[in-house]
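Biologist: Please show me the model, and then let us go through its packing step by step.

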Amino acid sequence: MITRLSRRALPVVAAAALLAACTSSGGSTDAASTAPTAAPGTASAAASSDPAAPTATPAPTPTVKPTGQADPALQAFYGQKLAWAACKDDPATTKTDESAVQCATLKVPLDYADPASGETLDVAVARIPAARPEQRTGSLLINPGGPGGTGVGMVQRGQKDYDGPLHDHFDVVGFDPRGVGGTSPVKCLDDKARDAWTTTDTPGADHGKLLADACQAKYAKLLPFVGTRNTARDMDVLRGALGDPKLNYLGLSYGTYLGSVYAEEFPDRTGRLVLDGASDRSTSLVQHNIEQYAGFERSFKLFAGECVTKSPCPLGKDPEAAPKKLADFLDGLKDKPLTTTDGRKVTATAAWNGVIDSLNDVQGYADLRTVLTMAMNQGKGDYLMALADGATGRDAKGGYKVSADAYTAVHCADTVMAPTEAELQAQLTELAAKAPLVTAHNPAAALFDPDCRSWPFRSAEKAHPIKAEGSAPIVVVGSTGDAATPYAWSEKLAGSLAQGVLLTREGEGHTAYGRSACIRDAVHSYLVDGTVPAAGTRCATDPAR
C-alpha cells in the first residue's frame with residue numbers, strides 16, 4: 001500500500017551519506033564564476049563598452065540533478081536496514097516450507113521525481129542466504145517475468161532450483177515489483193467479473209475500457225508509478241539496502257526488459273547481469289505482439305504436425321492438415337462451446353489461451369495431446385478449461401492471482417498506445433500474414449495484448465533500443481525455438497547493448513536456464529566467476545527437456 005514516509009523510520013547511514021557526497025555529479029554551482037567570459041575585442045566586449053547597450057547576462061550552467069544513491073533526497077532509502085525474519089508459511093503449499101526463507105520489507109518512494117513528498121511503497125522481499133557464507137560473493141536478484149510474476153514466490157517455492165554454485169556463493173533474493181504480489185497489488189475486477197472478461201468471445205469496443213475504468217476507480221494514485229523504470233529504480237534501492245556495490249541479476253522473459261532498463265538507468269552499478277528469453281521493447285507494443293504471435297504460430301504448427309506421429313492425437317494422420325484442423329476446432333468453440341461439469345463454458349478465447357500458453361513448455365505437449373483428445377473426441381472440456389485457467393491465473397476455487405491485472409497495469413505504464421486507423425489496418429494485415437491460425441478468432445485482442453487504448457494516463461516511455469553505455473558485460477540468453485520471446489529478440493537486444501554477449505540454446509520452449517546443463521554451466525561461470533561466454537557459444541537442450 002501507499003504510505004506516508006516517517007522521517008525517523010529511515011535513518012541516514014553515515015557510510016551511505018559519505019558515498020553519496022563522493023559520487024554526486026550535482027551540487028549548487030555559482031553560474032557567474034563558471035560562465036565563460038568574452039575575450040577583449042569580441043562583439044560581447046564591444047557591446048559592453050557602450051553605456052546604452054543592454055548588459056549581457058551570462059547563461060547559467062545547468063546543474064545536473066544527481067540520481068540514484070547520489071541524490072540526497074534518496075539517501076534515507078538507500079541507507080535503510082532490512083529487518084529479515086522467517087517468511088510466513090503458506091499452508092496451501094505442501095512441498096515447500098516458506099518459513100525456511102527470510103522475508104523483509106523495503107521502503108521506496110512512490111514517485112522518484114518527488115521523493116520528498118513522503119509517500120512511499122512497501123516492497124516485499126525474500127531471500128535464501130548463501131549456503132556457504134565463507135564463499136559468499138553478495139546478493140543475486142532474480143525476476144520470473146510477466147509482467148506480474150512474483151519474485152518472492154519464485155524464491156519461496158523454488159528453493160531447490162538454486163542449489164549448487166548460485167546458492168553457495170549468493171544470497172538469492174527475490175522481490176515483488178510494484179503492483180504485484182506483496183507490493184501494492186493491483187486487482188481491479190472481482191473474480192466473477194474477471195471470469196466473464198477473460199472468456200468472452202464477443203468483447204466489444206468497451207472491453208478494454210471496462211478494465212481501465214475499474215483500475216482507475218481503485219488505483220488512480222498508484223497506476224502512473226507501476227512502470228518498469230520505477231521498478232528498476234526500486235532494484236537499485238534494494239541493491240543499496242543489501243549492501244552490494246554492484247547489482248548481480250538473473251531475469252527471465254519480461255525480467256530481461258527490467259534488467260536492461262536497470263542497466264540503462266544505472267550502467268555504473270551493473271555487476272553480472274544475465275537476461276534469459278529477451279523481451280524486445282525497441283518497437284511499439286503492437287509490433288511486439290505481432291512478432292510474438294508469429295512465434296506462437298510457428299510453435300502451434302510444430303506441435304500439431306508432431307501430434308499426428310504420437311498417441312493419443314485427435315488431429316488425424318496428415319501433418320500438413322493438422323494445424324488447420326486444430327485451429328478450426330478451437331475457433332468453432334465460439335459458436336459451440338464445451339461445457340464443464342460445473343457448468344462453465346469453454347469458449348474459443350478460453351481454449352486458445354490455454355493452448356497457446358501450453359506451447360511454452362514442450363514437456364507439456366503429451367498432456368496437451370491428451371487434453372485435446374478428450375475435448376475433440378469425447379466433448380469433455382474440464383481439462384481444456386483447466387489449461388485456460390492456468391494461463392489466466394485462476395485457481396481451483398475461482399480466485400485470480402493478482403498478476404492478471406498487474407500484467408495490464410505494468411504494460412500500460414510502459415507504452416504509448418494510440419495507432420491511427422491507417423496504422424491499425426496495416427498492423428491487422430501484417431498480423432494476418434504472420435499468424436493467421438492463432439489470431440483469426442480475435443485479431444484485435446492479439447494486437448492489443450493488453451489493451452492500453454483506454455488507460456487512464458499516457459506513459460512518457462518511448463520505445464527505443466537500449467544501449468546501456470558504460471555497463472559491465474551483459475549476457476543475453478536466447479532459445480531458437482522460443483515462441484513467447486522469439487530468438488530474434490535476444491539477437492536484437494544483445495546487439496543493441498553496448499556490452500551485450502549472446503548465448504544461444506538450440507531447442508524449443510520458453511527461456512533456457514532450466515532446459516540446458518550447458519546453458520546453466522555458462523550462466524554459473526559468469527555469475528560466480530565473471531567468465532564471459534565466448535562469442536557464438538551455442539548449447540543443446542537437455543534430452544529430457
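**Packing, one contact at a time**

Modeller: This is a predicted model. Leaving aside neighbours within four places in sequence, Pro-486 touches Glu-291 and Gln-292.

Biologist: Where does Pro-486 lie, and how far is its C-alpha from that of Glu-291 in space?

Modeller: Pro-486 belongs to the loop between strand E11 (474–481) and helix H20 (487–496). Its relative accessible area is 13%, so Pro-486 is buried. In sequence Pro-486 and Glu-291 are 195 residues apart, while in space the C-alpha to C-alpha distance is 7.7 Å.

Biologist: What percentage of the contacts with a separation of 6 or more comes from residues 24 or more positions apart?

Modeller: The protein has 21 helices and 13 strands. Of its 545 residues, 52% are buried. Among contacts with a separation of 6 or more, the share from residues 24 or more positions apart is 75%.

Biologist: How are H13 and H15 oriented to each other?

Modeller: Helix H13 (residues 348–358) packs with helix H15 (residues 382–392), their axes 7 Å apart and at an angle of about 70 degrees. Angles of 65 to 115 degrees count as roughly perpendicular. H13 and H15 are therefore roughly perpendicular.

Biologist: Which residues of H13 and H15 make the contact, and how many of them are charged?

Modeller: H13 contributes Ala-350, Ala-351, Asn-353, Gly-354, Val-355, Asp-357 and Ser-358. From H15 come Leu-384, Met-385, Leu-387, Ala-388, Gly-390, Ala-391 and Thr-392. By class, the contact of H13 with H15 has eight nonpolar residues, five polar and one charged.

Biologist: How are H12 and H13 oriented to each other?

Modeller: The axes of helix H12 (residues 322–332) and H13 come within 7 Å and cross at roughly 140 degrees. Roughly antiparallel would need an angle over 145 degrees. H12 and H13 are therefore oblique.

Biologist: How many nonpolar residues are in the contact of H12 with H13?

Modeller: On the H12 side are Ala-327, Leu-330 and Asp-331, which meet Ala-348, Ala-351, Trp-352 and Val-355 in H13. By class, this contact of H12 with H13 has no polar residues and one charged residue, and the nonpolar ones number six.

Biologist: How many aromatic pairs does the structure hold?

Modeller: One of the pairs is Tyr-262 with Phe-266, tilted at 5.1 Å centre to centre and 40 degrees between the planes. Both Tyr-262 and Phe-266 are buried. The number of aromatic pairs in the structure is five.

Biologist: At what distance from the ring centre of Phe-448 does Arg-453 lie?

Modeller: Two arginines are placed over rings. The charged end of Arg-281 sits over the ring of Tyr-257, 4.6 Å from its centre. Arg-453 lies over the face of Phe-448, and the distance to the ring centre is 3.7 Å.

Biologist: Which helices do the buried residues of H16 pack against?

Modeller: In helix H16 (residues 403–413), nine of the 11 residues are buried, including Asp-405, His-411 and Cys-412. The buried residues of H16 pack against H7, H8, H9, H10, H11 and H15.

Technical notes: Residues numbered from 1 in each chain as written. Predicted model: local features only at pLDDT ≥ 70, side-chain atom pairs only at ≥ 80, totals over all residues. Heavy atoms only, no water. Axes fitted to C-alpha atoms, helices over the stretch in contact; angles between N-to-C directions. Helix = DSSP H or I, 4+ residues; strand = E, 2+ residues; numbered from the N terminus. Parallel < 35°, antiparallel > 145°, perpendicular 65-115°, else oblique. Contact = heavy atoms within 4.5 Å. Nonpolar A, V, L, I, M, F, W, Y, C, P; charged D, E, K, R; others polar. Phe/Tyr/Trp six-rings, centres within 6.5 Å; stacked < 30°, edge-to-face > 60°. Buried < 20%, exposed > 50% of the residue type's maximum accessible area, 1.4 Å probe, protein only. Lys NZ or Arg CZ within 6 Å of the ring centre and 35° of its normal.
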